[in-house]
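Here are my notes after going through the model. Have it open beside you while you read.

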Amino acid sequence: MKGFFLKRGMLYSSGNLPYLGALVGSTFLMGSSFVASKTLLTSIPPFPLVGWRFFVAAIATLPFALAGSYKQFSSWTGIVQGATNTPWRAVVMLGLLQITVVMGLLFLSMEQVSAATASILLFTNPIWVASLSPLVLSERLNGSRIVGLALGILGVMLVIGAGVE
């Protein structure tokens, strides 16, 4: 197969390499943001720091928003502009809760715990989603999901209990 390669049992297209690079880069930036935030918290209170963080991010993404010819972004703006039935109030509230409250509380917690502990606890999202989905979304948990949840919880307990501080 021309243009494709197999690595660790997964098939990749050489055209996807820039996206894989972007994924690795964004993972590095997200991980390093906890260390940078912990450092900045010594001189800036948590909620103003969150505000500045997202203000800078908004300014940094503004050129992409203004570049209507950028292929992926213009497809997203077309979706947003065509979304006449979108419950914008709910979208705004979800954004406020997901960004303002979650990130504000994360930064507040980092005044007391290490960046490593905060990041580990924040990224237990899949465990919480899988645990609550049967109650909220009526999704079924099969045996492998239950084992996965138990291993995830055990892993978090081991890492936090091992003294990441």
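In which helix does Phe 107 lie? Phe 107 lies in helix α4, and several of the points below come back to that residue.

1. Ground rules. This is a predicted model, where local features need pLDDT of at least 70, side-chain atom pairs count only at pLDDT 80 or more, and totals for chains, interfaces and linings use all residues. Residues are numbered from 1 along each chain as its sequence is written, and side-chain values use heavy atoms, with hydrogens and water left out.

2. Overall layout. The chain has seven helices and two strands; these are DSSP runs numbered from the N terminus, with helices being H or I of at least four residues and strands E of at least two. Reading from the N terminus, the order is β-β-α-α-α-α-α-α-α. Of the 165 residues in the chain, 15% are buried (buried is under 20% relative accessible area, exposed is over 50%, partly exposed is in between, using a 1.4 Å probe and protein chains only). Taking contacts (heavy atoms within 4.5 Å) with a separation of 6 or more, 60% come from residues 24 or more positions apart.

3. Phe 107 and its neighbours. Phe 107 counts as buried because its relative accessibility is 1%. Leaving out residues up to four places away in sequence, Phe 107 touches Ser 37, Leu 41, Pro 46, Leu 49, Val 50 and Arg 53. Ser 37 sits in helix α1 and is buried too, at 7% relative accessibility. Phe 107 and Ser 37 are 70 residues apart along the chain, yet their C-alpha atoms are separated by 7.4 Å.

4. The core. What does the largest nonpolar core consist of? It has eleven residues: Phe 34, Leu 41, Leu 49, Val 50, Met 103, Leu 106, Phe 107, Met 110, Ala 115, Ala 118 and Leu 122. (A nonpolar core is a set of buried Ala, Val, Leu, Ile, Met, Phe, Trp, Tyr and Cys residues joined through side-chain atoms within 4.5 Å.) At least two residues of this core come from each of α2, α4 (88-109) and α5. As background, nonpolar side chains tend to be buried together in soluble globular proteins.

5. Helix α4. α4 has 22 residues and reaches 30 Å from its first C-alpha to its last, close to the 32 Å expected at 1.5 Å a residue; the expected span is 1.5 Å times one less than the number of residues. Its buried residues are Met 103, Gly 104, Leu 106 and Phe 107.

6. Helix α5 and its partners. The buried residues here are Ala 115, Thr 117, Ala 118, Ser 119 and Leu 122, and they pack against α1, α4, α6 and α7 (143-161). α5 and α7 pack at an angle of about 170°, with their axes 11 Å apart (axes are lines fitted to C-alpha atoms, for helices over the stretch in contact, and angles run from 0 to 180 degrees between N-to-C directions). That makes α5 roughly antiparallel to α7; angles under 35 degrees count as roughly parallel, over 145 as roughly antiparallel, 65 to 115 as roughly perpendicular and the rest as oblique. Thr 117, Ile 120 and Leu 121 of α5 meet Val 156, Val 159 and Ile 160 of α7 in this contact.

7. Aromatic pairs. How many aromatic pairs does the structure hold? There are two. (Rings of Phe, Tyr and Trp, the last by its six-membered ring, pair if their centres lie within 6.5 Å; planes under 30 degrees apart are stacked, over 60 edge-to-face, the rest tilted.) Phe 34 and Phe 123 are edge-to-face, 5.8 Å centre to centre with 70° between the planes. That pair links distant parts of the chain, 89 residues apart: Phe 34 is in helix α1 (residues 17-40), Phe 123 in the loop between α5 (115-122) and α6 (125-136). Phe 34 is buried at 5% relative accessibility, whereas Phe 123, at 45%, is partly exposed. Trp 52 and Phe 55 are also edge-to-face, at 5.6 Å and 90°. These two are about one helical turn apart because they lie three residues apart in helix α2 (residues 46-66).

8. One backbone check. Ser 138 has a positive phi of about 55° although it is not a glycine. Ser 138 is in the loop between α6 and α7 and counts as exposed, at 61% relative accessibility.
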